[in-house]
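I opened this notebook to record what I looked up about aromatic rings. The entries follow in the order in which I made them.

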Amino acid sequence: MAKYILKYSDLQRGDIIIDREDSDESRKIRRITRSDYSHARLYVNNSIMEANGLGVQSVNPQRILYDSSDDVVVLRCKEITEEQKINACLFARSEFAKEYGLSGSDNSQYCFRLVAEAYQYAGIEITKTPTRCNANDFLNSEKLEVVQDMVREATEKDFEIAYGEGVLKDKGHYNKQTEVAVDMFSRIRAFVQENGGDAASIQDDGRLFSFLVENPKFDTGIAEILRGHEYFQLWKEHEGTHPWELNGAQLLSKFGDGSGTIAKQILDSCDGDNVIAWHTMHQITGRIYDEYHIESAKIYRDFYQEILHWNERRRETAEGVLAFLSSIYGFDPEE
């Protein structure tokens with residue numbers, strides 16, 4: 001049976017993806033909201049942010065397959081600056097790991113609200129009721145328009161990627177970062193609750209540090225949970241499976257005539273939304289540590305410092321390969 005996939009290379013930062021699936025939950029949401037669609041996602045450059053039963057998560061668009069080309073629609077804001085796109089994406093990323101919920105409480109999030117509030121943060125009101133909206137509000141929004149021809153039939157290669165290594169068992173397209181982040185924040189909330197604190201307010205990095213500034217007595221225990229947690233080691237798995245990103249000779253040897261294309265892809269990723277978020281978090285956690293001497297903030301600061309250094313090494317490798325190809329073979333990286 002044929003499956004369909006988004007033309008993810010045609011997606012633009014800030015695009016809104018609304019879709020549906022053949023499940024009881026999806027049908028129930030569609031029936032209640034009287035809509036053809038039940039879910040919303042925000043494209044943030046090379047990945048998608050969404051709120052689902054596991055909480056606010058990052059999803060790989062290459063792992064999302066649809067039964068029909070009518071199961072998904074891409075919406076794009078008609079008038080938006082690049083800065084507003086970045087701010088909307090940064091808001092969505094800042095909600096990462098927040099628990100799922102339909103109550104409208106600041107301590108929970110659901111899919112349509114996440115997208116609407118991201119745009120609200122960027123200064124764009126795509127719906128007048130961001131805390132209680134659905135697919136119809138997005139489809140009828142004067143600020144949004146449907147982007148045509150954004151779906152194609154999935155190829156054999158698409159199936160290999162969608163169902164390949166790295167997909168968590170029984171969790172479809174969700175990556176390992178999802179499970180690890182949920183585990184970390186669950187442990188933090190359990191520790192706080194066991195010691196008489198308000199655990200419900202700790203839903204993401206930002207709220208964690210707001211909590212610690214007001215309740216520094218929990219810092220030592222939370223720092224113990226953070227220190228050495230797998231959450232801060234996941235990027236090293238990428239380094240282990242992609243060693244050529246830090247070794248120009250290895251990249252050239254592995255990819256041959258395609259080395260220039262791979263190097264350009266690496267270079268593009270070095271300036272993506274995730275890198276902007278890394279810089280922002282490095283600065284914020286550094287200031288928190290300097291001002292309040294919170295050890296948990298130092299752990300985060302050191303993590304982002306390390307990952308930013310890794311990113312610069314990737315950049316240097318890619319630039320070195322492109323320079324070599326240009327000088328030896330006349331390769332133009334812009335072609």
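**Aromatic rings**

Buried means under 20% relative accessible area, exposed over 50%, and partly exposed in between (1.4 Å probe, protein chains only). The model is predicted: local features need pLDDT of at least 70, side-chain atom pairs count only at pLDDT 80 or more, and totals for chains, interfaces and linings use all residues. Residues are numbered from 1 along each chain as its sequence is written, and side-chain values use heavy atoms, with hydrogens and water left out.

I then looked up the ring pairs and found 13 aromatic pairs in the structure. Rings of Phe, Tyr and Trp (its six-membered ring) pair if their centres lie within 6.5 Å; planes under 30 degrees apart count as stacked, over 60 as edge-to-face and the rest as tilted.

I noted Phe232 and Tyr300 as an edge-to-face pair, 5.1 Å centre to centre with 90 degrees between the planes. Both Phe232 and Tyr300 are buried.

For Trp235 and Trp310, I recorded ring centres 5.4 Å apart and planes at 50 degrees, so this pair is tilted. Trp310 is buried, with a relative accessible area of 7%.

I also listed one aromatic cluster, formed by Phe209, Tyr231, Phe232, Tyr300, Phe303 and Tyr304.

Last, I looked up charges over rings (NZ of Lys or CZ of Arg within 6 Å of the ring centre and within 35 degrees of the ring normal). The charged end of Arg314 sits over the ring of Trp310, 5.0 Å from its centre. Lys254 lies over the face of Phe255, 5.6 Å from the ring centre.
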